[in-house]
Amino acid sequence: MENNKRPENMERITTPELAEAFIAEQTKALQAQIGDKKVLLALSGGVDSSVVAALLIKAVGKQLVCVHVNHGLLRKGEPEQVVRVFRDEMDANLIYVDAVDRFLDKLAGVAEPEQKRKVIGAEFIRVFEEEARKLEGIEFLAQGTIYPDILESGPVKAHHNVGGLPEDMQFELVEPLKFLFKDEVRVVGKALGLPDGMVFRQPFPGPGLGVRCLGAITRDRLEAVRESDAILREEFANNGLEGKVWQYFTVVPDFKSTGVKDGKRSFDWPVIIRAVNTRDAMTATVEDVPFALLQKITARITAEVAGVNRVLYDLTPKPTGTIEWE
Ligand code: XMP
């Protein structure tokens, strides 16, 4: 356990200069650890795995093999951003796996929240394992573990732990961020040249939109979650709420209600907006979003998202509600 404790004299990384020093030191350490061997990373596009990727690209270049699994539960534009930033701009060795059909087929009819999480987690490991088996000479597995993951201080499990790999696939771990807090990871990511949209983004759960498409996931409702979420994010960004509100997203339940559209009766889904602030995700308060903005977002979602005829704003703090709906 000794090497899982942040060194007491380690300075808090708060400035670009301190980030540069950390990067220089880690680059050397990573080169010494990895040598001329290959290292594998599951790159989700979240802050932690993205910063690990950028750090390893700097240290060992193409010896890093990134695997990005698109499980179909990512937000609009995310898989494209991962490919653009890492393959096109940083010239990384990136394997993009389109596993959308596989995940959605496995999830068909699975309605219980924890069961959904289990199916997504197990399938993720299976896809990752298959990709890893196609590669030769991998000796290391990089992970975006950060200090709060080690401390297990809260319910936010943002790290993409692929520790469920089978016995014959045990690699030596590379965890360059394991003593950093989230704010320090962001400072390092910025210094490594990652885009703000990646470095300062809000928390996003591992099972992704899967826990926001309530009950058994269907493709049409999943699209309604993805499209309404994109509108919410765009409007929050345009109205100064991005970076101010801790977490905001939309949820689509698995029931319909009546409405009228173009003079005809409709029978469609509602979209629920959730926007909360918190310190540690253990408790949360609801953001006081201006009413006019909520009306504008409602008008856009009902006009632009197929299958939706109502928008609701969730006024429930945590407790009694959780942040997510599942
Ligand atoms: P709840 O809903 O428990 O959420 O109030 C607290 C924080 O944890 C995130 N969350 C998850 N993150 N895998 C994750 O990586 C999960 O299964 C999961 N469930 C909830 C949630 O988004 C919030 O930030």
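The model is predicted, so local features require pLDDT of at least 70 and side-chain atom pairs count only at pLDDT 80 or more, while totals for chains, interfaces and linings use all residues. Residues are numbered from 1 along each chain as its sequence is written, and side-chain values use heavy atoms, with hydrogens and water left out.

Helix α1 spans residues 16-34. Its axis and that of α2 come within 9 Å and cross at roughly 65°. That makes α1 roughly perpendicular to α2. Angles of 65 to 115 degrees count as roughly perpendicular, under 35 as roughly parallel, over 145 as roughly antiparallel and the rest as oblique. Axes are lines fitted to C-alpha atoms, for helices over the stretch in contact, and angles run from 0 to 180 degrees between N-to-C directions. Helices (H or I, at least four residues) and strands (E, at least two) are DSSP runs, numbered from the N terminus. The crossing of α1 over α2 is right-handed. A crossing is right-handed if the near helix is turned clockwise from the far one by less than a right angle, and left-handed if anticlockwise. From α1, the contact involves Phe22, Ile23, Gln26, Thr27, Leu30, Gln31 and Ile34. From α2, Leu55, Leu56, Lys58, Ala59 and Val60 take part. Contact means heavy atoms within 4.5 Å. Eight of the residues in this contact of α1 with α2 are nonpolar, three are polar and one is charged. Here Ala, Val, Leu, Ile, Met, Phe, Trp, Tyr, Cys and Pro count as nonpolar, Asp, Glu, Lys and Arg as charged, and the others, Gly among them, as polar.

Helix α2 (residues 47-60) also meets helix α7 (residues 182-191). Their axes come within 10 Å and cross at roughly 40°. The two helices are therefore oblique to each other. This crossing is left-handed. Val47, Asp48 and Val51 of α2 touch Lys182, Val185, Arg186, Val188 and Gly189 of α7. The contact of α2 with α7 comprises four nonpolar, one polar and three charged residues.

Four aromatic pairs occur in the structure. The ring centres of phenylalanine 124 and phenylalanine 128 are 6.3 Å apart and the planes lie at 5°, so this pair is stacked. Rings of Phe, Tyr and Trp (its six-membered ring) pair if their centres lie within 6.5 Å; planes under 30 degrees apart count as stacked, over 60 as edge-to-face and the rest as tilted. Both phenylalanines belong to helix α5 (residues 113-134). They are four residues apart, about one turn of the helix. Phenylalanine 124 is buried at 18% relative accessibility, and phenylalanine 128 is buried at 0%. Buried means under 20% relative accessible area, exposed over 50%, and partly exposed in between (1.4 Å probe, protein chains only). Phenylalanine 236 and tyrosine 248 have ring centres 4.6 Å apart and planes at 35°, so their pair is tilted. Phenylalanine 236 lies in helix α9 (residues 219-238) and tyrosine 248 in strand β6 (residues 247-251), so the pair ties together parts 12 residues apart in sequence. Both residues are buried. Ring pairs also link Tyr147, Phe179 and Phe181 into a cluster.

Lysine 116 is in helix α5. This lysine is buried, at 0% relative accessible area. Beyond residues up to four places away in sequence, lysine 116 touches several others, including Leu107, Cys213 and Glu326.

Proline 205 sits in the loop between α8 (196-199) and α9. Proline 205 is buried, with 18% relative accessible area. Apart from neighbours within four places in sequence, proline 205 contacts Val211, Arg212, Gln247 and Glu324.
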